Amino acid sequence: MNDIIFNRGRGGLGRALSGKDHVSGIVLESVVANIPAALTGAGNYQVIYSVQDAQDLGIQYDASSANLEIDNLRYTIDRIFDANEKAEVHLLVANTTNSETAVAGLITLQNKAQGEIRQAVVLKPATDFDASELAPLQASCDTLEAQHKPLSVLYACNFMGVSSAAITDLRALDSKNISVVFGMDGNGIGSTLAIAYTKSFTCAGTVLGVLSGSKVSENIGWVGAFNVNKNDINEYDVIKLADGRLFDTIAISEKDALSVKGYIFLLKHIGLAGSYFNDSYTCISASDDFAFIENNRTIDKAVRNTRTFLLPKLNSPLFVNSNGTLTEDTIASFKNDAERSLEELQRNGELSAFSVTIDPDQDVLSTSKVSITIKVVPVGVARNIVVNIGLAVRVSN
């Protein structure tokens with residue numbers, strides 16, 4: 001029947017998300033000739049709240065396929081806002097013409113954002129993958145963590161021509177805050193751009209968007225929550241690895257090997273439409289406490305919250321009993337503030353449980369230091385579900 005059809009748009013009111021978990025960042029390495037004037041005139045730094053903001057800054061696709069860095073940046077921004085239309089993206093372009101690097105740029109970006117960035121992607125579209133570049137980025141993360149500005153970092157570069165058989169085992173590294181994205185679109189804009197440039201256009205923007213819109217405890221590979229092949233876009237209907245090979249043409253053993261080595265990519269699940277991430281690996285041993293992005297995001301949020309609640313107590317008086325032990329009131333005051341900082345995470349389903357203990361016998365008069373022990377029980381992830389099933393002649397209730 002003929003009718004008048006209304007398509008109800010979303011996002012026009014621009015309501016911000018609560019908290020700061022959605023605040024994200026991008027560091028792009030680019031030669032100065034490729035940087036839009038609107039960026040160079042602002043110290044190569046801008047805050048982007050929508051794809052239109054990027055467009056207004058001159059971050060747009062080059063029809064001549066002659067600007068790899070900006071095309072990759074625009075593609076990444078598009079994918080971020082596809083995954084989370086309420087994202088807040090702080091952008092810094094490291095001008096390689098002036099010997100600027102993403103390593104230093106990561107610190108500059110977080111400082112310009114007043115330490116509010118929770119996750120960022122480092123884009124080096126013209127750089128072939130080299131695992132030795134991850135340690136310096138981790139050093140930048142360590143510096144920021146010491147300054148109370150922790151964040152998780154996604155690394156996206158060029159994998160064309162890289163042999164997956166000889167690729168570095170990321171689980172043998174010591175970079176807990178770094179994750180390497182090795183997935184790519186196979187039949188949409190990303191694939192078209194990758195073919196035009198013969199360079200990888202990874203799904204790092206989608207990873208960042210999913211992270212920015214999820215709870216810190218949630219795994220990006222959660223099948224029931226994070227299908228990245230949305231009905232209204234063609235991206236990821238077909239998927240590739242970032243080396244340009246169609247995912248369906250790759251042996252299962254090779255896919256398993258890449259996963260064991262800690263690379264993040266897209267996959268399909270038999271019997272279910274859509275495309276999903278394999279997991280949320282970081283570049284550190286699989287047995288480490290921080291082997292997955294959600295582990296890092298959870299502890300980072302717990303640390304940030306606890307510091308916020310305890311900071312007013314810095315240089316406050318410490319009352320002791322006649323024997324030099326901390327008074328019950330003093331212990332209760334510190335313990336209460338620490339517990340309040342974590343109760344919010346537990347209410348939001350971002351922690352399973354926690355405990356706060358303070359030793360009353362510590363010598364605070366000599367040291368002027370109060371030691372507080374906090375143990376956090378994270379939310380688990382169902383990485384494997386084992387079902388025992390078989391035929392039977394009867395069943396009992």
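Good morning. In this predicted model, helix α3 (residues 68-83) packs against helix α7 (residues 204-213) at an angle of about 30 degrees, and their axes are 7 Å apart. Axes here are lines fitted to C-alpha atoms, for helices over the stretch in contact, and angles run from 0 to 180 degrees between N-to-C directions. Helices (H or I, at least four residues) and strands (E, at least two) are DSSP runs, numbered from the N terminus.

On the α3 side, the contact (heavy atoms within 4.5 Å) is made by T76, R79, I80 and A83. From α7 come G205, T206, L208, G209 and V210. These residues divide into four nonpolar, four polar and one charged; Ala, Val, Leu, Ile, Met, Phe, Trp, Tyr, Cys and Pro count as nonpolar, Asp, Glu, Lys and Arg as charged, and the others, Gly among them, as polar.

A word on the conventions. Residues are numbered from 1 along each chain as its sequence is written, and side-chain values use heavy atoms, with hydrogens and water left out. Because the model is predicted, local features need pLDDT of at least 70 and side-chain atom pairs count only at pLDDT 80 or more, while totals for chains, interfaces and linings use all residues.

Let us turn to the interior. A nonpolar core is a set of buried Ala, Val, Leu, Ile, Met, Phe, Trp, Tyr and Cys residues joined through side-chain atoms within 4.5 Å. Buried means under 20% relative accessible area, exposed over 50%, and partly exposed in between (1.4 Å probe, protein chains only). The largest nonpolar core has 81 residues, and I59 and F129 have the most contacts inside it. Helix α3 gives the most to this core, with seven residues. Beyond its neighbours within four places in sequence, I59 touches several residues, including P36, I48, I70 and L91. Another core, of six residues, lies apart and includes A302 and V356.

Finally, the aromatic rings. Rings of Phe, Tyr and Trp (its six-membered ring) pair if their centres lie within 6.5 Å; planes under 30 degrees apart count as stacked, over 60 as edge-to-face and the rest as tilted. There are nine aromatic pairs by this rule. In one of them, F159 and F182 are edge-to-face, 4.6 Å centre to centre with 75 degrees between the planes. F159 is buried at 0% relative accessible area, and F182 is likewise buried at 0%. Ring pairs also link F129, F159, F182 and Y263 into a cluster. Thank you.
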